[in-house]
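The sequence and the structure are shown first.

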Amino acid sequence: MIEMKNNIVSFTNNTVTQERPVQLSVEHVNIFYGENHAVKDVTIPIHEKSITALIGPSGCGKSTFLRTINRMNDLIPSARCEGTINYKEVNILNPKVDVVQLRKEIGMVFQQPNPFPKSISENIQLPLRFAGVRSKKVLKQVTEDCLKQVGLWDEVKDRLDRSATSLSGGQQQRLCIARALALKPDVILLDEPTSALDPVSSAKIEELLLELKNSYTIIIVTHNMQQAARIADYTAFFYQGELVEFGTTKTLFTTPEKKSTADYISGRFG
Ligand SMILES: Nc1ncnc2c1ncn2[C@@H]1O[C@H](COP(=O)(O)OP(=O)(O)O)[C@@H](O)[C@H]1O
Ligand SMILES: [Mg+2]
């Protein structure tokens with residue numbers, strides 16, 4: 001766990017012992033909303049089976065950048081994107097890419113838990129059915145596996161038919177993560193997944209992410225610097241649409257290269 005004393009941050013979980021291969025290579029990505037140049041020439045490697053945190057003050061382009069990684073910005077009419085994000089030797093920004101398939105491989109979890117207003121089990125099973133899975137046995141097994149992966153199985157196994165909205169906020173968010181896992185993604189994008197949760201539920205999600213990074217590549221937007229320091233292997237600091245600095249979390253928080261990074265992490269603005 002992290003300790004913050006006089007802005008000295010200590011790290012326990014996120015020492016990068018061995019650098020993992022690059023899974024997503026982001027090169028010269030620019031994103032516009034009409035005339036607003038929201039993300040400016042971002043180049044960054046995303047290492048597989050690691051946690052990368054995107055930090056920076058509100059409005060600096062974190063969510064915009066995150067949404068581009070599984071083409072969610074396609075849903076915003078004014079949004080336009082240039083550059084390259086190489087994933088499995090394909091530029092996923094190419095308009096010809098099958099975005100339905102892409103979003104199976106690169107799943108997303110949002111700030112507000114958004115389970116379907118359906119039963120707990122249907123939340124896991126609907127995306128699978130949509131993807132063509134028909135076998136009841138498979139649907140049941142995947143439901144159990146996914147709920148176990150997020151530590152929810154024991155809490156809900158006796159009430160799988162109850163509405164997902166009957167769960168607490170933290171449980172709903174874990175269910176949303178389980179739903180993202182059902183399609184066996186490689187990458188999970190999370191946009192401030194704990195900012196609507198109480199501290200205990202947030203801590204559970206952080207523990208879960210540390211567990212999940214053994215199997216998945218995780219990119220998390222957080223406005224909570226301590227959270228980045230606690231869980232991320234790599235951190236990217238954005239400011240006014242620009243990527244100011246990227247590095248291992250430890251380096252970024254202890255010996256940042258740029259003055260604005262140092263100012264931000266020491267709480268001088270934000
Ligand atoms: N859906 C949208 N339509 C138009 N402009 C947007 C939209 N979402 C974000 N923006 C603009 O893009 C910039 C970056 O916003 P955002 O990515 O939400 O930042 P952050 O997540 O870091 O707070 C801001 O200027 C914001 O107003
Ligand atoms: Mg945001």
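## The largest pocket

In this predicted model, the largest pocket holds about 530 Å³ of space. Its lining is made up of 20 residues, of which R103, M108, P127, R179 and L183 are the closest to the centre of the pocket. The elements that contribute two or more residues to this lining are the helices α2 (99-105), α3 (120-130) and α6 (169-182), together with β8 (106-109).

## Q171 in helix α6

Helix α6 is also where Q171 is placed. Q171 counts as buried because its relative accessibility is 13%, which is under the 20% cut-off for that class. Leaving aside residues up to four places away in sequence, Q171 touches L152, E155 and R159. Between Q171 and K204, which are 33 residues apart in sequence, the C-alpha to C-alpha distance is 9.6 Å.

## E245 in strand β12

E245 belongs to strand β12, which spans residues 242-248. Although E245 is buried, it has no salt bridge, and the nearest side chain of opposite charge, that of K258, is 5.7 Å away; a salt bridge would require the charged atoms to lie within 4 Å.

The side chain of E245 does, however, reach backbone atoms: the backbone nitrogen of E257 is at 2.6 Å, and a polar atom of the E245 side chain lies 2.9 Å from the backbone nitrogen of K258. Both E257 and K258 are among the residues that E245 touches, a list that also includes T235, A236, F237, L252, P256 and T261 when residues up to four places away in sequence are not counted.

Terms used:
Residues are numbered from 1 along each chain as its sequence is written. Chains are lettered from A and ligands numbered from 1 in the order in which they are written. This is a predicted model: local features need pLDDT of at least 70, side-chain atom pairs count only at pLDDT 80 or more; totals for chains, interfaces and linings use all residues. Side-chain values use heavy atoms; hydrogens and water are left out. Helices (H or I, at least four residues) and strands (E, at least two) are DSSP runs, numbered from the N terminus. Buried means under 20% relative accessible area, exposed over 50%, partly exposed in between (1.4 Å probe, protein chains only). Lys and Arg count as positive and Asp and Glu as negative; His and the chain ends are not counted. A polar contact is a pair of N or O atoms within 3.5 Å; within protein, one must be able to donate a hydrogen and the other to accept it, and residues adjacent in sequence count only if both atoms are side-chain atoms. Contact means heavy atoms within 4.5 Å. On a 1 Å grid over the protein atoms alone, a cavity is a set of points where a 1.4 Å probe fits but cannot get out, and a pocket is an open set with protein on both sides within 12 Å along at least five of seven lines; lining residues have an atom within 4 Å of a point. Grid points are joined across faces, edges and corners, and a volume is the space filled by probe spheres set on the points.
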